[in-house]
Amino acid sequence: MEQVVHYLETGSTDPAYNLAFEEYVLTNRCEGDYLILWQNDNTIVVGQNQNTAAEINRAFVDEHHIHVVRRTTGGGAVYHDLGNLNYSFITDDEEGSLHLERFTRPVVDALCALGLQAEASGRNDILVEGRKVSGTAQRVFKSRILHHGTLLFDSNPDMVAGALNVDPAKYQSKGRKSVRSRIGNIRSFLKEDMTLPDFWAYLTRALSSADVRKDRLTENELRQVRKLKEEKYDTWEWTYGKSPRYNMTSKQRWPGGGLEIRAEVSQGVTQALTIYGDFMATRPIQDITNALTGCQFRPEAFAAQLKQFGLQEYLGGITEEEFLKTVFDTAV
Amino acid sequence: MNFPAELKYSRDHEWVKMLDDTTALVGISDFAQSELGDLVYVNLPVAGDDVVAGETACDVESVKAVSDVMSPVSGRIAEVNEALDDAPELLNSDPYGAWIFKVEDITDFAELLDAEDYEAFTKEEH
């Protein structure tokens, strides 16, 4: 690292904005070393190559109004809340940059200096007394590298567990799978208690190996960040549509009969769909599968297609809402 | 480190194998796979899409990082190597056999190096 570290804050807890801010710095501030510390309000962040639907507990996400976003770095899904602090290092991609040590060492040292028994573990984690307190991921962009990580300081463990509690049988794909770990909060290991703002201020100093210079994006740069947020990170196409090709199988019993649906999804579009069931139908289900094939694999798009049918003729006592819940675990 | 003489290389660490004047296979070099470490996913491009020399064509994910694969040529994706869907590790074990995509109707090239110059480039860069 060079002599000066540019320190930035995003001024937001909106995950789509924060990821856009980080991507903007990675791809446009092409010289110097940057450190960003930031937080997301209740959010599941999935890895670049994950199937989003398979990583989230849809019902829980709806119930607790949890944001869902996709990042551009690798690895598995994580849950963030305001008890979690994220750090991003952005610097030149030099020899050995991809070695964990270069970026995790300062974080491990900063935690150890607070009296914690912190250690780097496996490829991307930092553990304290056997519990994961930090997960990291990286992205290479031309001659620059982004290394970012979470720091669980005082997160709600029930929310972490609930948000990521998924049905492993429903989706099959080649995308990156998440690995579940036993997590811990940094605050619970501290000898002397600190608040999150104290911890944040401490890290600003501890993670900068040289002079920290408070920096900010210009008004023009912030406009670009907002544009990137709106055109990429806020869109269904990026967050869900970009999932690697996958198959879904779902089977549910409703008062009107059993319903089993299988789908093949690629580029966010329904490539094939099969509907089985013992409901009382008077018209061929093929009309519905034809209408849904080629349509975006999302509840809004399915609902728009289903509107044109008198569903009771095709699905007997099964309602549109039940049909959508069988496929998506949510209705519109 | 292996640098087959019959291939051309980009400074972004892709290799190009010309099949005829306007058709080529593209993959990542032995040097690139070694820097990235074990590949776990190849986000293949889509046949029929246009690619532009020097711009992102797709990305690969290793245990360490996600990295873009830049297209060394401008043209249209004719075919992608579906075998990488099931076995991304082929990029590590056989980087010059495991092509990622085939480009046809090539109209332009990024600056390409021969094996000797590329090998020298990987040494001076690091």
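Guide: In this predicted model, the axes of helix α11 (residues 299-306) of chain A and helix α13 (residues 320-328) of chain A come within 11 Å and cross at roughly 145°. Residues are numbered from 1 along each chain as its sequence is written, and chains are lettered from A in the order in which they are written. Local features need pLDDT of at least 70 and side-chain atom pairs pLDDT 80 or more, while totals for chains, interfaces and linings use all residues, and side-chain values use heavy atoms, without hydrogens and water.

Visitor: Which residues make the contact of α11(A) and α13(A)?
Guide: P299(A), F302(A), A303(A) and L306(A) come from α11(A), and E320(A), F323(A), L324(A) and F328(A) from α13(A). Contact means heavy atoms within 4.5 Å.

Visitor: What makes R29(A) and E221(A) a salt bridge?
Guide: The term asks for a side-chain nitrogen of Lys or Arg within 4 Å of a carboxyl oxygen of Asp or Glu. The closest N and O atoms of R29(A) and E221(A) are 2.9 Å apart, so the pair qualifies. Side chains of opposite charge can pair when their charged atoms come close.

Visitor: Where do R29(A) and E221(A) sit in the chain?
Guide: R29(A) is in the loop between α1 (15-28) and β2 (33-38) of chain A, and E221(A) is in helix α8 (residues 219-233) of chain A. They are 192 residues apart and link distant parts of the chain.

Visitor: How many residues of chain A are in contact with chain B?
Guide: 25 residues of chain A are in contact with 21 residues of chain B. By class, that side of chain A has four nonpolar, 12 polar and nine charged residues.

Note on methods:
Axes fitted to C-alpha atoms, helices over the stretch in contact; angles between N-to-C directions. Helix = DSSP H or I, 4+ residues; strand = E, 2+ residues; numbered from the N terminus. Nonpolar A, V, L, I, M, F, W, Y, C, P; charged D, E, K, R; others polar.
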